[in-house]
Amino acid sequence: EPTQDKQSLLSFLSQIHHENRLQWNPSESACNWIGVQCDPTNSSVTSLRLPGVGLVGEIPPNTLTSLTQLRILSLRSNRLSGAIPAGFSNLTLLRSLYLQNNQFSGEFPTALTELTRLTRLDISSNTLSGPLPFSLANLTHLTGLFLQNNEFSGRIPSIDLPSLADFNVSNNRLNGSIPNSLARFPSSSFENNLDLCGGPLPPCNPFFPSPTPSPLPPPSSAPVRKNNRKLSTAAIVGISVAGGVLILLLLLCLIFLLIRKRRSKTRKVQKPPGIITARTVAEAGTSSSKDDITGGSVEGGDRNKLVFFEGGRYSFDLEDLLRASAEVLGKGSVGTSYKAVLEEGTTVVVKRLKDVTAAKREFEQQMAVVGNVKHENVLPLRAFYFSKDEKLLVCDFMPAGSLSALLHGSRGTGRTPLDWDNRLRIALSTARGLTHLHTTEKMVHGNIKSSNILLKQENLDACISDFGLNPLFSNTTFTNHRIMGYRAPEVLEARKVTFKSDVYGFGVLLLELLTGKSPNQASLGEEEIDLPRWVQSVVREEWTAEVFDVELMSNHSVEEEMVQLLQIGMACVAIVPDQRPEMQEVLRMIEDMNSSRGDTDDGLRHSSDSQTPSKESRLSPPGPGVTP
Ligand SMILES: Nc1ncnc2c1ncn2[C@@H]1O[C@H](COP(=O)(O)OP(=O)(O)OP(=O)(O)O)[C@@H](O)[C@H]1O
């Protein structure tokens with residue numbers, strides 16, 4: 001006799017409203033009750049099947065959740081309501097759980113995703129809402145997952161469950177692309193959602209998504225009640241006058257358009273320097289663009305075309321890009337970046353800008369400037385697209401990822417630490433790229449941070465990305481919290497980026513490389529303290545022990561170099577902009593430091609951009625506490 005389980009069952013039945021169809025007799029063994037099955041020794045309940053027995057209301061706490069030996073639980077087709085109890089996570093041996101056709105509500109019960117032995121999970125036809133959790137991926141033994149007829153919303157998480165044979169999320173409020181791992185299921189598994197695409201449904205268009213359908217029901221198809229009353233004379237007069245005015249307005253518009261067209265024909269067409277159109281690329285034999293791609297200038301009506309820059313190696317057009325499969329790399333301060341794999345195999349990154357305030361001409365002019373920048377440590381912009389609703393930038397995909405991912409990606413076990421030589425190499429190559437922008441291009445980067453430092457796969461040299469975009473946005477865009485840690489104090493007040501604010505951002509980047517701490521993280525000991533002030537707050541004698549990344553601590557021979565680089569970083573983050581060095585001075589200090597190692601390392605040569613500053617402008621970096 002399973003005494004404890006019997007108690008739990010009796011307690012369940014006594015606390016829940018039901019239609020008395022079960023007739024469980026307390027004087028009999030629970031193993032003989034309707035719906036109950038026990039293990040061979042009758043010591044515990046292993047299966048409870050109570051489908052359609054008229055249970056009404058919430059599952060009473062500490063009743064069914066105490067049946068820890070359950071393999072099968074079926075409560076389907078009752079009128080159970082409220083949340084699915086979190087205590088279900090106790091039922092760790094459950095193989096099959098059937099809760100469909102009830103009135104359960106609330107978010108997806110994450111407790112269920114702890115039941116890793118589940119093979120069948122059916123919670124369909126309830127009123128569950130909110131997102132589907134990614135932790136569904138824990139249920140690796142699932143062969144059937146039934147979530148249809150609920151109110152789940154958001155995207156379908158990319159869960160890859162190899163044994164899954166039946167899957168259904170139809171009739172919910174889901175949107176976004178169907179993950180590749182679930183694309184093998186038929187369209188009926190996904191039908192009647194808000195805005196799902198990809199997989200068995202029509203392909204997604206990541207850059208020009210269809211507008212989210214209105215959650216309102218479609219206009220009623222009920223026949224409109226006929227109004228047999230005749231229109232009054234006043235109404236007839238009103239309608240005639242309005243009609244007349246409308247026709248007049250249309251005529252005026254037509255005349256205006258004709259005049260404009262004539263003028264624009266006579267105006268000399270200007271082309272921003274360095275920009276070539278898709279047609280020009282096609283003519284140069286580097287594009288597969290079709291014949292219908294119009295040539296001429298960007299300004300001259302070459303709408304809806306990708307504009308490539310000279311020297312690019314790509315040969316695709318907008319239609320190819322729209323057909324590409326795309327994966328979100330991340331959401332930044334100015335938009336979302338996608339990794340797009342074109343049908344012919346080329347992989348590029350497309351950045352979809354949001355809240356651009358620049359007008360078309362300004363945008364194109366700035367793109368012409370940005371697209372002309374060529375340096376081995378600057379990620380080239382390959383193409384752009386501008387329309388009223390959509391602004392896209394295209395650049396190379398860097399498979400080695402960003403410095404941010406490398407430093408903060410997966411700490412702990414399984415991580416390959418970033419050694420000192422590589423950190424110094426990244427510091428040096430970033431300094432070279434930024435110095436080139438400042439001295440040769442006379443361009444402020446405006447958004448220096450570790451996710452904008454991308455690494456070359458061959459040698460982990462760095463490339464700076466996302467430069468020169470500030471003029472496209474209003475001043476507030478770049479002051480959001482995600483980039484706060486790199487923002488110079490004066491930028492937060494004046495909302496204007498300068499060469500010196502780039503130097504500040506670079507200084508924070510050096511501190512990040514040395515400490516392994518993210519400038520945005522709140523765990524710097526005290527609240528409201530940023531990375532520079534935190535480093536400054538540690539007394540110099542303690543730097544080695546407290547400030548440097550533990551991953552660097554194994555190699556004592558480089559301590560002196562680490563302290564030197566830290567001093568350079570601290571000079572860059574001086575509060576007063578004038579006290580910060582120029583970028584080319586910073587570069588030379590790092591190069592000097594590096595050459596005094598006696599290394600013959602090929603990647604660490606002197607750069608041409610660092611030769612400019614005079615001897616007297618060389619700076620001896622102040623130690624912590626010297627900066628005001
Ligand atoms: N060309 C690229 N190759 C590989 N990864 C990239 C590339 N461009 C961006 N990423 C990565 O994609 C993610 C999103 O980048 P994105 O530039 O949109 O945002 P961000 O760098 O976080 O912020 P911001 O918009 O302020 O630059 C980041 O992790 C970034 O490192």
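This report walks through some strands, a ligand shell and a few packed helices.

## Before we start

What you're looking at is a predicted model: local features need pLDDT of at least 70, side-chain atom pairs count only at pLDDT 80 or more, and totals for chains, interfaces and linings use all residues. Residues are numbered from 1 along each chain, as its sequence is written.

Helices (H or I, at least four residues) and strands (E, at least two) are DSSP runs, numbered from the N terminus.

Seven strands form an open one in the order 1-2-4-6-8-10-12, and the pairing is mixed. Two strands pair if DSSP finds at least two bridges between them. At the edges sit strand 1 (36-38) and strand 12 (166-168), each pairing on one side only. From one strand to the next, the twist averages 15°.

Now zoom in on one pair. Strand 8 (residues 120-122) runs parallel to strand 10 (residues 144-146), with three bridges between them.

Strand 9 (residues 127-130) pairs with strand 11 in the parallel sense over two bridges, and S129 has E151 in strand 11 as its bridge partner.

Next, strand 11 (residues 151-154) is joined to strand 13 (residues 173-177) by two bridges, and this pair runs parallel too. S153 stands opposite R173 in strand 13, while G154 has L174 as its bridge partner. Finally, strand 13 pairs with strand 14 (residues 195-197), again in the parallel sense, over three bridges. There, the bridge partner of S177 is C197 in strand 14.

## Around the ligand

The ligand is surrounded by 21 residues, and the closest are L329, G330, G332, S337 and S402. A residue counts as near a molecule if its C-beta atom, placed from the backbone, lies within 6 Å of it.

Strand 17 (325-331), strand 19 (347-353) and strand 21 (391-396) each supply at least two residues of this shell. Sorted by class, the shell has eight nonpolar, ten polar and three charged residues. (Ala, Val, Leu, Ile, Met, Phe, Trp, Tyr, Cys and Pro count as nonpolar, Asp, Glu, Lys and Arg as charged, and the others, Gly among them, as polar.)

Two packed helices are described by the angle between their axes and the distance between the axes. Axes are lines fitted to C-alpha atoms, for helices over the stretch in contact, and angles run from 0 to 180 degrees between N-to-C directions.

Take helix 9 (residues 499-515) and helix 12 (residues 559-572): their axes come within 7 Å and cross at roughly 150°. The two helices are therefore roughly antiparallel (under 35 degrees is roughly parallel, over 145 roughly antiparallel, 65 to 115 roughly perpendicular and the rest oblique). Residues in contact have C-beta atoms, placed from the backbone, within 7 Å. Here V503, Y504, F506, G507, L510, L511 and L514 of helix 9 meet M562, L565, L566, I568, G569 and C572 of helix 12. That contact has eleven nonpolar, two polar and no charged residues.

Helix 7 (residues 420-440) packs with helix 9 too, at an angle of about 175° and with the axes 11 Å apart. Helix 7 and helix 9 are therefore roughly antiparallel to each other. The residues that meet include R423, I426 and A427 in helix 7, and F499, D502 and F506 in helix 9. By class, this contact divides into nine nonpolar, two polar and two charged residues.

Note on methods:
Two residues are in contact if their C-beta atoms, placed from the backbone, lie within 7 Å.
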